[in-house]
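Here are my notes on the model, point by point. Please read them with the structure open.

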Amino acid sequence: MERTYSFTETVICGLIATFMMSMLSFLSSGIGLPVIDVGYMLKEIFNHIHEQDPYNILWGNVAYYIGGILLALIWVAFLDNKLPGNWLVQGIIYGVVISIVAAVIVSPAISMAGGESFGIFYVDTWFPVLNILAGLIMHLGYGITLLLCLEYSDRFNSQELR
């Protein structure tokens, strides 16, 4: 059965999944992994070309959450109903795909825009394996949370408010 989601459902699920990804990043520091604070990194990149720092952390986090919403929209528009498995398997697959794309394309490009180099798969960082693992945990959390939210969003919509 083909599922359909409204724009609002997709945006809300993307926000929830992005929040989960952030929390996993901060909590993973408790097991010795690096904190990947994407909002902070984006803020630093925005300010990189300016003599002063016109952008604060709010702007970095807005950009981060818009990116999370875009990932949810990409799932719904292009990938939903095309990958095998239930919501959990699909969430794991999407999380792994996002993690690979982030490590190969997004992180190297963003770090170069900020005047540094993380390298492909974070090879130019002090602990590439830890960064890969931290990113994978974050993105698995995003994918699983997104698909869980989308899976159950129609159940909330089908129940009438009394």
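1. Terms for the pockets. The search runs on a 1 Å grid over the protein atoms alone. A cavity is a set of points where a 1.4 Å probe fits but cannot get out, while a pocket is an open set with protein on both sides within 12 Å along at least five of seven lines. Lining residues have an atom within 4 Å of a point. Grid points are joined across faces, edges and corners, and a volume is the space filled by probe spheres set on the points.

2. Basis. This is a predicted model, in which local features need pLDDT of at least 70, side-chain atom pairs count only at pLDDT 80 or more, and totals for chains, interfaces and linings use all residues. Residues are numbered from 1 along each chain as its sequence is written, and side-chain values use heavy atoms, with hydrogens and water left out.

3. Second largest pocket. Its space comes to about 230 Å³. The lining consists of Y40, M41, E44, I45, H48, I110, S111, G114, E116 and F118. Helices here (H or I, at least four residues) are DSSP runs, as are strands (E, at least two), numbered from the N terminus. Helices α2 and α4 each supply at least two of the lining residues. The top contributor is α2, with five. By class, five are nonpolar, three polar and two charged. Ala, Val, Leu, Ile, Met, Phe, Trp, Tyr, Cys and Pro count as nonpolar, Asp, Glu, Lys and Arg as charged, and the others, Gly among them, as polar.

4. Largest pocket. This one holds about 780 Å³ of space. It has 30 lining residues, and V38, A102, V106, S107 and H139 are the closest to its centre. Which helix gives the most to the lining of the largest pocket? It is α4, with eight residues. At least two residues come from each of α2, α3, α4 and α5 (128-158). The lining has 22 nonpolar, seven polar and one charged residues.

5. Helix α2. This helix covers residues 38-48, and its buried residues are G39, L42, K43, I45 and N47. Buried means under 20% relative accessible area, exposed over 50%, and partly exposed in between (1.4 Å probe, protein chains only). The buried residues of α2 pack against α3 (57-79) and α4 (87-113). I45 is on the buried list and also lines the second largest pocket.

6. Nonpolar core. A nonpolar core is a set of buried Ala, Val, Leu, Ile, Met, Phe, Trp, Tyr and Cys residues joined through side-chain atoms within 4.5 Å. The largest one has 19 residues, and W75, Y94, Y142, L146 and L150 have the most contacts inside it. Two or more residues come from each of α1 (7-28), α3, α4 and α5. The most come from α5, with seven.

7. Y142 and T145. Contact means heavy atoms within 4.5 Å. Setting aside residues up to four places away in sequence, Y142 touches G14, A17, T18, M21, G68, L71, A72, Y94 and I98. T145 sits in α5. T145 is buried, because its relative accessible area is 12%. Helix α1. It has 22 residues and reaches 31 Å from its first C-alpha to its last, close to the 32 Å expected at 1.5 Å a residue. The expected span is 1.5 Å times one less than the number of residues. Among the buried residues of α1 are E9, T10, C13, G14, S22 and S28. F26 also lies in α1, but F26 counts as partly exposed, because its relative accessibility is 38%. Beyond neighbours within four places in sequence, F26 is in contact with V35 and D37.

8. Loop residues to check. N81 is in the loop between α3 and α4, and F121 is in the loop between α4 and α5. Neither is glycine, yet phi is positive: near 70 degrees for N81 and near 55 degrees for F121. N81 counts as partly exposed, at 34% relative accessibility. F121 counts as partly exposed, at 34%.

9. S117. This residue lies in the loop between α4 and α5. S117 is partly exposed, with a relative accessible area of 36%. Not counting residues up to four places away in sequence, S117 touches S111 and D124. S117 and S107 are 10 residues apart in sequence and 8.7 Å apart in space, C-alpha to C-alpha.
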